[in-house]
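User: Please take me through this two-chain model by question and answer, giving the cut-offs behind each term.

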Amino acid sequence: MLASTKPPVIRAMGDSAILLEWGHDIDRTINDQVMAAYRHLASDSFAGIVDLTPSYASLVIAFDPRVTDVQSVSEWVAKNLSECVYTDPPVSRHWKIPLCYDPTLALDWQQLEQELGLSWQDITALHSSISYRVFALGFLPGFPYLGETPAELTCQRHDSPLAFVPKSSVGLAGRQTGIYPADSPGGWKILGRLPFDIVNLAQSEPVLFSAGDEVSFNPINIDEFHHISEQHREGQLATGIYCL
Amino acid sequence: MSVKFLRAGPQTSTQDQGRSGFAHLGVPRGGALDRGAMKTANWLIGNTDNQPVLEFSMAGPSLLFLAHTTIAITGADLSPKLDRQPLENNRSYRVKPGDNLHFGALKSGCRGYLAIAGNWRVPTLLGSASGLRAGHDELLPGAMWQRGDILQINAPQRQAWPKQTSPASSISHVISVMRGPEFDQLSDNARQQLFESEHILDSRSNRMGLRLTRPIDAIATNKQLSSGVTPGTVQLTASGEPIILLADAQTIGGYPRVLQVVSTAMDNLAQLKPGDAIALTLVE
């Protein structure tokens, strides 16, 4: 599946990390290659590897320079990438999750109407019309960068971040949409909220989404939001969250 | 064995080697900023490298010991005293029930470390006792100490002999850096600004990163795809502010990574405080 694709450029990042870059585009096929390389490397232990950080079109491999060095890690990576060509496409999951776009939760709904020149109904219909790729997790533990949004929803970040964005809020920035896993300051424009938590680091599966997954949103009204939130708080299986 | 916090100090946290293997979920590495100072403190009292220590920044805690134990202090010199007796960094001391360890003026460095002999009974998350923050939330609240808290430690089987070591090498204000992935995008003027003038550490510096006050000519591309960063990555923000990322930094970022601090200079960075002047020197 990856046989026809270009290999990444491999470069040192100081004396304790290397960077693999597959160009600079937001593209599912490229992200597939990043994730395939990540999974391949993650399953092959190598002394001194500290962290693997996959993102849109790159993978950073951090290592302990007292144990190994740039050349040894680069050789290990090159060997794995050549094997990776023959692996199957990565297994990704498709999530369908409820999202409430009620103006009481969509902190920036008026600003978004103005900036995009669309009605709230159009904005939410567009946002929930397609499925998104989880291109990367970062910014906060478990924060998924989802893309790309329909071109009509392209928007700027706040000039100065909001001091308080409630946990599980869903925001827009550029052609990305993302979910805040914790109460946090935030620069993305908020258009709704999920009725459940996407991160619980004390659990064996600490983060709901993995990079490479697909996510689509099912709009719910405020009554359904409160109902599912309550189920979630009481530890019941919250309704409406499906993994296909 | 237990220790009571009479005063916690502004930024006193439990730290250990941190978390590795969770960067793909967006979880920062964390852990003690001055690894060498942590290791020395644990060695002095006969603890293994895996035991946590207390890390404090620019001001220390006041602790009441409720049992016999052995302690050692390393890193910043914060004028430690056991009751009225001044203590020295980099040596172990026996303490007895009722002893009060407290700190005074900051004489050198920024971050102090206190090791206490035995097996620490502290909560962990993803394999580490180090503090972990997400936005406004402390995800491991037990790692952040408050007045009145009690730290429980299982006493070791036998006490280590008193030990002493020579003080850590003096703090350097010249930081060795290598070219980062986006170094080539820096203008000649920006390179001059980076390497030919000194930089002052901003007061907004913290465990996530050290901010430098002098602005650098920013890189004129507005489309940088978010990509991995590590402790030691130097980002240049859109407004031209260089940030040297530290252990609690986020795992991916959208700013150009213009430099990368050499790994052996990271402990030294932990001992620099807001207002300090530094110079960056490029090594191959």
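Analyst: Buried area is the accessible area, taken with a 1.4 Å probe, that two parts lose on being put together, summed over both. This is a predicted model, in which local features need pLDDT of at least 70 and side-chain atom pairs count only at pLDDT 80 or more, while totals for chains, interfaces and linings use all residues. Residues are numbered from 1 along each chain as its sequence is written, chains are lettered from A and ligands numbered from 1 in the order in which they are written, and side-chain values use heavy atoms, with hydrogens and water left out.

User: How much area do chain A and chain B bury between them?

Analyst: Carbon and sulfur atoms carry 63% of the area buried between the two chains. In chain A, Met13(A), Pro141(A) and Leu201(A) lose the most area to chain B, together 19% of what that side buries. The area that chain A and chain B bury between them is about 3100 Å².

User: Which residue of chain A forms a salt bridge with Arg29(B)?

Analyst: A salt bridge is a side-chain nitrogen of Lys or Arg within 4 Å of a carboxyl oxygen of Asp or Glu, and by this rule there are two across the interface of chain A and chain B. For Arg29(B), the closest N and O atoms of the pair are 3.6 Å apart. The partner is Asp51(A).

User: Which residue in the turn between strand 1 and strand 2 of chain A has a positive phi?

Analyst: Two strands pair if DSSP finds at least two bridges between them, and strand 1 (residues 9-12) of chain A pairs with strand 2 of chain A in the antiparallel sense over four bridges. The side chains of Arg11(A) and Glu21(A) meet in a salt bridge at 2.7 Å, N to O, linking strand 1 to strand 2 of chain A across 10 residues. These strands form a hairpin with four residues between them, and the turn residue with a positive phi, about 70°, is Gly14(A).

User: At what angle does helix 1 of chain B run to strand 5 of chain B?

Analyst: In chain B, five strands form an open sheet in the order 2-3-10-5-8 with antiparallel pairing, and its edge strands are strand 2 (13-15) and strand 8 (92-95). Helix 1 (residues 35-44) of chain B lies across strands of chain B that include strand 5 and strand 10 (108-116). With axes as lines fitted to C-alpha atoms, for helices over the stretch in contact, and angles running from 0 to 180 degrees between N-to-C directions, the angle to strand 5 of chain B is about 155°.

User: Which strands stand at the edges of the seven-stranded sheet of chain B?

Analyst: This open sheet has the order 7-6-9-4-1-14-11, with antiparallel pairing. Each edge strand has a single partner strand, so one side of each is left without a neighbour in the sheet; the two are strand 7 (85-86) and strand 11 (119-120) of chain B.

Note on methods: Contact means heavy atoms within 4.5 Å.
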